[in-house]
Amino acid sequence: MDTKINFLNHEFKNPIVPASGTFGFGYEFAAYYDINILGSIALKGTTLNPRYGNPLPRIAECPAGLINSIGLQNPGVDKVVSEELVKLKKVYNAEVIVNVGGHSVNEYVQTVEKFNNCDNVFAVELNISCPNVSGGGMAFGVDPDIAYSLVSQVRKVCKKPLIVKLSPNVTNIVDMALAVERAGADAISLINTLVGMRIDLKTGKPIISVKKGGYSGPGIFPVALNMIYEVSKAVKIPLIGMGGVTSAYDVIEMMYAGASLVMVGSQNLVDPYACQKIISDLPKVMKELNITNLQDIIGRAK
């Protein structure tokens, strides 16, 4: 069974990538298993300056997932480059995907530039679900014109493959995908979290300190699958699928819909061995479904 995937002229041993925000900076999970089995790793979201994140509580459980509003907590790009990537390189041999957030175009541009000379960084993933402070707080990822402008500016300085992570909280996901493709994105990852909230029945108040957060987990899988399918029919660049993946069967389904790589998110928080189990199960599921080469099944549903 051949699990190798060619993505942006880079060979991955398998399509499994822990999603940003669910796997720390990678090296933390080396205590559980050999993380070199992973296709790659999407690192915790990084901003220009250190961020403490939102006040507690910032996680609420749901019947089919969880809601989080971490608030981009991270030590800032300089420490990620000088410390976090160095620690990771000691336990992980492959190149990784860095995830970049920001609240202005300038923040994104400056942060991305600092990763240009990192030899263990394969690609940059832009999280455009962040609120645009200069634009009145509207997220960069909900308006095609604003997203186009941001990605265009980042493209000018980014020397790595540029992946744009799309928010599902839009009127038309295809319009967003086409906009970032025109702006120079090399690939698209989708979907980011849906917006959700929970209310404490004893107090009658929202559980999350900032009222609402990002809903992720198995409950969003069908939504993610549909959006991947629709976007894959519209764009010419490759896709990374994510959203509620918990098993090797889910991985195959996302690849059928059009994903070349598949990110595993919330399941890492439920089970730190989630990615290891999925990678172990993939050949068995491939045999069951008469699949000999994963590369061949990408977009089969189309």
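Predicted model: local features only at pLDDT ≥ 70, side-chain atom pairs only at ≥ 80, totals over all residues.
Two strands are taken to pair if DSSP finds at least two bridges between them. In β11, the residue bridged to N68 is G214. This link belongs to the pairing of strand β5 (residues 65-68) with strand β11 (residues 213-216), which run antiparallel and are joined by three bridges.

A second open sheet is built from seven strands with parallel pairing, and here the order reads β3-β13-β12-β9-β8-β7-β6. The edge positions are taken by β3 (16-18) and β6 (96-100), each with a single partner strand, so one side of each is left without a neighbour in the sheet. On average, and with direction ignored, neighbouring strands of this sheet are turned by 30° against each other.

The pairing of β6 with β7 is parallel and runs over five bridges, with I97 bridged to A123 of β7. Further along the sheet, strand β8 (residues 162-165) runs parallel to strand β9 (residues 187-190), and three bridges join the two. Within β9, S189 is the bridge partner of K165.

Helices also meet this sheet. Helix α5 (residues 221-234) packs on it, touching β9, β12 (239-242) and β13 (259-264), and the direction of α5 makes about 170° with that of β12. Helix α3 (residues 144-157) lies across β7 (121-127) and β8, at about 155° to β8.

Packed helices are described by the angle between their axes and the distance between the axes. For helix α2 (residues 105-113) and α3, the axes come within 9 Å and cross at roughly 25°; α2 and α3 are therefore roughly parallel to each other. Their crossing is right-handed. On the α2 side the contact involves V105, Y108, V109, V112 and E113, which meet L150, Q153, V154 and V157 in α3.

The axes of helix α4 (residues 173-182) and α5 likewise come within 9 Å, but cross at roughly 45°, and α4 and α5 are therefore oblique to each other. Here too, α4 passes α5 in a right-handed crossing. I173, V174, A177 and L178 of α4 make the contact, together with M227, E230, V231 and A234 of α5.

Leaving aside residues up to four places away in sequence, I128 touches Y108, A139, F140, G141, A147, L150, V164, K165, L166, M176 and V180. Among these neighbours, Y108 and L150 also take part in the contact between α2 and α3, while K165 is the residue bridged to S189 of β9.

Conventions
Residues numbered from 1 in each chain as written. Heavy atoms only, no water. Helix = DSSP H or I, 4+ residues; strand = E, 2+ residues; numbered from the N terminus. Axes fitted to C-alpha atoms, helices over the stretch in contact; angles between N-to-C directions. Contact = heavy atoms within 4.5 Å. Parallel < 35°, antiparallel > 145°, perpendicular 65-115°, else oblique. Left-handed = near helix turned anticlockwise from the far one by under 90°.
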